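Morning, everyone. Please take a look at the next slide, and then I'll walk you through a few spots.

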Amino acid sequence: MLNEVTITKAILETYMNKLKSALELDVAIVGAGPSGIVAGYYLAKAGKNVGLFEKKISIGGGMWCGGMMFNEIVIQDAAKPLVEEFGVRIKKFEDGYYTVDSIEAVSSLTYHALQAGLKIFNLITIEDIVFKNGRVSGLVINWTPVDMTGLHVDPLTLHSRFVLDATGHPSNVVEALVRKMGMKLNTVTGGMVGEKSMDAHLGEMNTVENTREAFPGLYVSGMAANATFGGYRMGPIFGGMFLSGKKAAEEIIKRLE
Ligand code: 48F
């Protein structure tokens with residue numbers, strides 16, 4: 001006969017073991033949008049201890065709904081090999097423009113990242129960073145419902161050799177570093193430069209160029225990279241997001257070695 005208490009123990013013990021294994025990470029990724037998931041996949045594939053923290057229930061960030069709730073996304077030639085690596089089916093629209101079902105994209109990316117060894121924690125909000133020896137050294141985590149309801153509950157903490165801010169447009173981790181520590185970033189102004197208006201071509205290039213270390217220990221990817229270093233937005237073309245995640249992983253892997 002099935003025992004409800006055994007079911008409860010199975011969940012508690014398995015989850016706690018997963019969380020305990022993520023308390024001293026090589027890389028902590030904040031935000032499970034396209035750039036964060038892709039970065040997590042390549043880091044996990046390289047054998048790194050990597051955890052991804054997402055404040056919402058669902059993984060996928062802004063990718064589920066394509067453009068304006070039409071659930072197809074566009075990719076360009078440069079991103080085709082990467083998308084193929086995840087087994088996602090690509091439809092040619094015209095030379096240089098391809099479409100992908102956004103739901104297939106989110107689910108395939110997530111599936112492959114988990115299978116590669118990425119530990120994903122949803123419903124956890126990053127509310128602050130750990131700052132030690134002049135560098136970003138970890139994350140301050142709390143349940144999203146605590147954040148949403150404003151309950152007075154102290155958070156918990158984890159350490160990480162590198163943090164990747166993949167929180168999209170708000171660039172939440174970088175914002176916390178600047179607001180709370182008043183630190184100068186590795187940008188032209190020393191602050192968060194801010195996202196620019198729409199130019200799909202420049203935006204796609206900016207996303208990859210801006211994927212780098214913004215402060216010792218803290219990398220940025222995806223729209224967080226554009227918000228930090230100043231880049232155009234690009235709308236529902238996602239090649240730049242995928243390539244940004246890959247670049248973030250490659251750069252961090254070099255640093256870890
Ligand atoms: O915004 P998002 O999808 O990140 P991205 O990888 O991709 C951007 C595109 O989706 C789209 C675009 C492309 O044309 O412009 O916007 O840059 O996903 C960011 C994720 O981070 C989560 C948020 O819920 C979303 O799923 N997030 C944001 N702040 C926090 C967070 C936080 N403080 N703690 C945990 N997760």
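First, a term: two strands pair if DSSP finds at least two bridges between them. Strands are DSSP runs of E, at least two residues, and helices are runs of H or I, at least four, numbered from the N terminus. This is a predicted model, so local features need pLDDT of at least 70, side-chain atom pairs count only at pLDDT 80 or more, and totals for chains, interfaces and linings use all residues. Residues are numbered from 1 along each chain as its sequence is written, and side-chain values use heavy atoms, without hydrogens and water.

Start with β3, residues 72-75. Four bridges join β3 to β5, residues 97-101, and the two run antiparallel. Ile73 has Val100 as its bridge partner in β5. Ile73 and Ile75 point to one face of β3 and are buried (under 20% relative accessible area; exposed is over 50%, partly exposed in between, with a 1.4 Å probe and protein chains only).

Now the rings. Phe, Tyr and Trp (its six-membered ring) pair if their centres lie within 6.5 Å; planes under 30 degrees apart are stacked, over 60 edge-to-face, the rest tilted. How many aromatic pairs does that rule give? Nine. One is Tyr15 with Trp143: tilted, 6.3 Å centre to centre, 35° between the planes. Tyr15 lies in helix α1 and Trp143 in strand β8, so the pair ties together parts 128 residues apart in sequence. Tyr15 is partly exposed, at 21%. Trp143 is partly exposed too, at 42%.
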